[in-house]
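Please have the sequence and the coordinates open.

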Amino acid sequence: MTISESSPSTEIEAVRGKLRQRWELASVLNFLNVFKPIIGKDLKISAEDIETALIDQNSTLAQLHIALLKGILSKSQTLNTSDGWIISLSKTLSMWWPWVAEGDFPLTGAKGKEMSFYKDLDPITRLVILKALCEVRAEQYDAVAYINDSLKDGTDVLYFRKNKLTSDGGGVTFWYEGNETTGHRLYKEVLLFEFGRGKGKATIPEVNCQWETLATNLEEFKEIVNAFSSSEVKVEAALSKSVEIDVIPVLEKQWKKKQMMLQKKQREQVLLNGFRNSVRTRACRNGKPIDYTFDNYDKAIKEAIQYTKYSNTVSSPTSFLIPVCV
């Protein structure tokens, strides 16, 4: 199943909403956060990027799977960014599936047609496959060694075993996961226990899990604080307080950092544009070509700043607007 670019954005957001109702997505994000040092620090993919990749099957989806497969397959096996990674994915999970997932492997019987089979899957099934691949990756020697070595070095076990944010003790639990790369998420888990009506000894209840993503950005986290701050439900009031104290300051700090970087980039672009105009004017007079390669960007910015300072000292405020010859 692939949603084309011409599909309404509402359809894409509906599928995104369904992905956020799956605990498997939270598990994948947690895995990427915990095992980032061995997967690759250069793999900087946000939660939204992963959701989009599962929906659109873009290059990010291949990049993520290849990074995981490289830690599972032998070095003699090569991977590339083309669809060939799907064949390796199918071969790997066909052996591991009974130990890392439930039900039948979605690519069973796809030998020779793995690529077309995979592309016809819906985003939810692709998510389940991705989660299973993370489970296999966590079983590899370097991943196990990473955990053991980290614990010996004093890393808290809660770094590897996620601790709940708050719970009512009756099946409702709130979880939080977040960092600057993947983003921040607040989850609500509800466990429903269904007891059988059989006679005699008590039967083991069937447990059904309902998963919900409550917040994904600063604005939504603030809405949670405001909505539950005056709640008479103890667990909701505790959640509001915990988010306000432990999460909001982190998000606000990152938001300010992003704003400063954006403003800096905008200022540099204004300076660079002005510098280009001035040099282009001089180039028109001198008849010399202008070379703006990526390698010269920083140099151009510095020269633009110097030129602007010089112009401000010797010219009027409007003299920076140099006419360009045609």
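## Terms and basis

Buried means under 20% relative accessible area, exposed means over 50%, and partly exposed lies in between, with a 1.4 Å probe and protein chains only. C209 is therefore partly exposed, at 39% relative accessibility. C134 counts as buried because its relative accessibility is 5%.

This is a predicted model: local features need pLDDT of at least 70, side-chain atom pairs count only at pLDDT 80 or more, and totals for chains, interfaces and linings use all residues. Residues are numbered from 1 along each chain as its sequence is written, and side-chain values use heavy atoms, with hydrogens and water left out.

How many disulfides does a search of the whole structure find? The search finds 0, where a disulfide is a pair of cysteine sulfur atoms within 2.5 Å.

## The sheet

Helices (H or I, at least four residues) and strands (E, at least two) are DSSP runs, numbered from the N terminus. Two strands pair if DSSP finds at least two bridges between them. Here 4 strands form an open sheet in the order 1-2-3-4, with antiparallel pairing. Strand 1 (166-167) and strand 4 are the edge strands, and each pairs on one side only.

Strand 2 (172-179) and strand 3 (183-194) run antiparallel and are joined by 8 bridges. A hairpin connects them through 3 residues. G178 stands opposite H184 of strand 3. On the next pairing, 9 bridges join strand 3 to strand 4 (residues 206-215), again antiparallel. F193 has V207 in strand 4 as its bridge partner. E194 stands opposite E206 in strand 4.

## Helix 4 and its cover

Helix 4 spans residues 47-56, and A47, I50, E51, A53, L54 and I55 in it are buried. What covers these buried residues? The cover includes helix 1 (9-19), helix 2, helix 5 (59-69), helix 8 and strand 3. After helix 4 comes Q57, with a positive phi near 55 degrees.

## I38 in helix 3

I38 is found in helix 3. At a relative accessible area of 24%, I38 is partly exposed. Which residues does I38 contact, leaving aside its neighbours within four places in sequence? They are R137, D142, A143 and Y146; contact means heavy atoms within 4.5 Å. I38 and G71 are 33 residues apart in sequence, and their C-alpha atoms are 8.4 Å apart in space.

## Pockets

On a 1 Å grid over the protein atoms alone, a cavity is a set of points where a 1.4 Å probe fits but cannot get out; a pocket is an open set with protein on both sides within 12 Å along at least five of seven lines; lining residues have an atom within 4 Å of a point. Grid points are joined across faces, edges and corners, and a volume is the space filled by probe spheres set on the points.

The largest pocket has a volume of about 530 Å³. Its lining has 22 residues, with A26, S27, N30, F31 and K162 nearest the centre. Helix 2 (23-34), helix 8 (123-138), strand 2 and strand 3 each supply at least two lining residues. Helix 2 gives the largest share, 7 residues. By class, the lining holds 14 nonpolar, 2 polar and 6 charged residues. Ala, Val, Leu, Ile, Met, Phe, Trp, Tyr, Cys and Pro count as nonpolar, Asp, Glu, Lys and Arg as charged, and the others, Gly among them, as polar.

The second largest pocket holds about 280 Å³ of space. It is lined by 14 residues, and H184, T216, N217, L251 and K258 are the closest to its centre. Strand 3 and helix 11 (234-286) are the elements that give two or more residues to this lining. Helix 11 supplies the largest share, 4 residues. The lining of the second largest pocket divides into 3 nonpolar, 8 polar and 3 charged residues.

## The cavity

The whole structure has 1 cavity of 30 Å³ or more. About 100 Å³ of space lies in the largest cavity. Among the residues lining the largest cavity are L32, N33, K36, I39, G40 and N179. Helix 2 and helix 3 (36-39) are the elements that give two or more residues to this lining. The lining of the largest cavity has 4 nonpolar, 5 polar and 1 charged residues.
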